[in-house]
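User: Hey, could you walk me through some strands in this one? I'm new to this.
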Amino acid sequence: MTNTSSGTPLSLEIAAKTDPGILRNLNEDSIATVNDLGLLVLADGMGGYQSGDVASSLTTQIIVEGLTAELQGKPNNGSDLAALVENVIKKANETIYLEGQQRAQRVHNSQSQAMGSTLALLLFRNSQATMAHVGDSRIYRLRDKRLELMTHDHSLLQEQIDQGILNSEAAARSHNRHLVTRGLGLHAEVEVTLDECEALPGDIYLVCSDGLNDMVDNADIELVLNSLQANLPLTASQLVMIANDNGGDDNISVILAKVRPHTTPDAKKNGLFAWLFGR
Amino acid sequence: MAKLIVSQNGEITGNHFLDASSFTIGSGPDNDLCLNVQGVSRLHARITSVGNDDILDDLGSTNGTLVNGQSVTRHILQNDDVIEIADVQIRYRNHKAIDGPSFDRTMIIQASAMEGDASAQPVGAYALATAKNERRLRAGARIGLVRVFNGSPSSKEIELSRVLHTFGIPGKQLAVINARPHGYFITHVEGKKPARLNGKSIGLQPQPLTPNDVIEVGDEKLLFLLK
């Protein structure tokens, strides 16, 4: 939280793709990116009466609006970014929770089915990446050609692994995949996991829903990022393609962000997608 | 709810439902399933129910516990598994456990009571993805192969066994060949000019490959073949 390194100004290239997958006809994932803010948001909705897609799109919408209001036109907002992000997420949780309560009343269902959403968020500012997540959506980072998982799933399966009940090999036979222990909109309060790291030139960040990491193993994700990073939109679409080739059992969403020094001629030429941060 | 069907010498001797979080099996009278049979330990095995999973543990029994003929210490029960303890057979039936790991809609569950301090450990979900990946590769009939001609008399061959292989020169002209369930495809990655396939530019869309196709990329000429 005390990372004040301002180093070289960096620029960011972003590519994203979302796909319903092979088995489902409804896409309950929602993604949003704001280049000017260096903001990536991904939400994977859940709930009955087709309310999952409502929950996930509310999540991305409220968070983008909230952070835009806080950060737009304030490049050097010195306040604690993690605290700011957490506040906006907690407000989004309240709104979705209230909306869910109202919907449950409208449906006249006594056993009101909850609606909720996972969240994975990345905010790049002042050479710093702020990460937040709730549920089993993930953030990975490719640095020095190595893929690293930056988040820790809030899921029953992960809890079983942490407690030593299951090893990761046995987990492949579990029926507890997709059982998340935290979500936005499920309760009046939500616990958010926050983390920060310094963004370095060459880093590639991947935000994804479980439809990707359940279908494509880490070694193949790493291979795709290392091989195709020169073409970021192609990298995103190939990750989705491989998940579908492996079965496409769930909705698949990916957001990629590549960090580069903003002084490269490439970045200057391609001013459309290269925005600056750390100035 | 999961059900256990107990049989001995081919005759069904009982049915039990796993309706509590723990179910014990042994020769002692206080077990949920009491097996007064030779070779069964007093406290022989336990089934713990967590979420959609029923996990079988051998409790250090003298003669061990088998599942589908294999000795186990801990096992996540799958529909139609047969547990063997001494000469007693216990069939596990659970519609939720049909066809391997579930891909039900994401559901919300209460965090388990014994949360404690969850230390950061490598996440295990990629074991499943690996299994999926292997299934996909097994389905593919013939493996693709690329023979590289680079001027020298010795040509080298590259087997296209990975999900993708790139060819060419990074920054100048790069193309990717994907191994997909329905065949091999080449796609432009970077460079002003896309690679050429049988003398024609591959353009920006993926192009299917057929045996004896000639690819020109970077400063190399490649021949695509099926093994």
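**Hairpin and sheet in chain B**

Analyst: Strand 21 of chain B and strand 22 of chain B form a hairpin with 2 residues between them, and B:Gly218 in the turn has a positive phi of about 60°. Strands here are DSSP runs of E, at least two residues long, numbered from the N terminus. This is a predicted model, where local features need pLDDT of at least 70, side-chain atom pairs count only at pLDDT 80 or more, and totals for chains, interfaces and linings use all residues. Residues are numbered from 1 along each chain as its sequence is written, while chains are lettered from A and ligands numbered from 1 in the order in which they are written.

User: How many bridges join strand 21 of chain B to strand 22 of chain B?

Analyst: 4 bridges, and the two run antiparallel. Two strands pair if DSSP finds at least two bridges between them. B:Ile215 stands opposite B:Leu222 in strand 22 of chain B.

User: What else does strand 21 of chain B pair with?

Analyst: Strand 18 (residues 196-197) of chain B, in the antiparallel sense over 2 bridges. There, B:Arg196 stands opposite B:Glu216.

User: New topic: what's the strand order in the open sheet of 5 strands?

Analyst: In chain B the order is 4-3-5-6-9, with mixed pairing. Strand 4 (33-34) and strand 9 (74-76) of chain B are at the edges with a single partner strand each, so one side of each has no neighbour in the sheet.

User: And how do strand 6 and strand 9 of chain B pair?

Analyst: Antiparallel, over 3 bridges. B:Asp57 stands opposite B:Arg74 in strand 9 of chain B.
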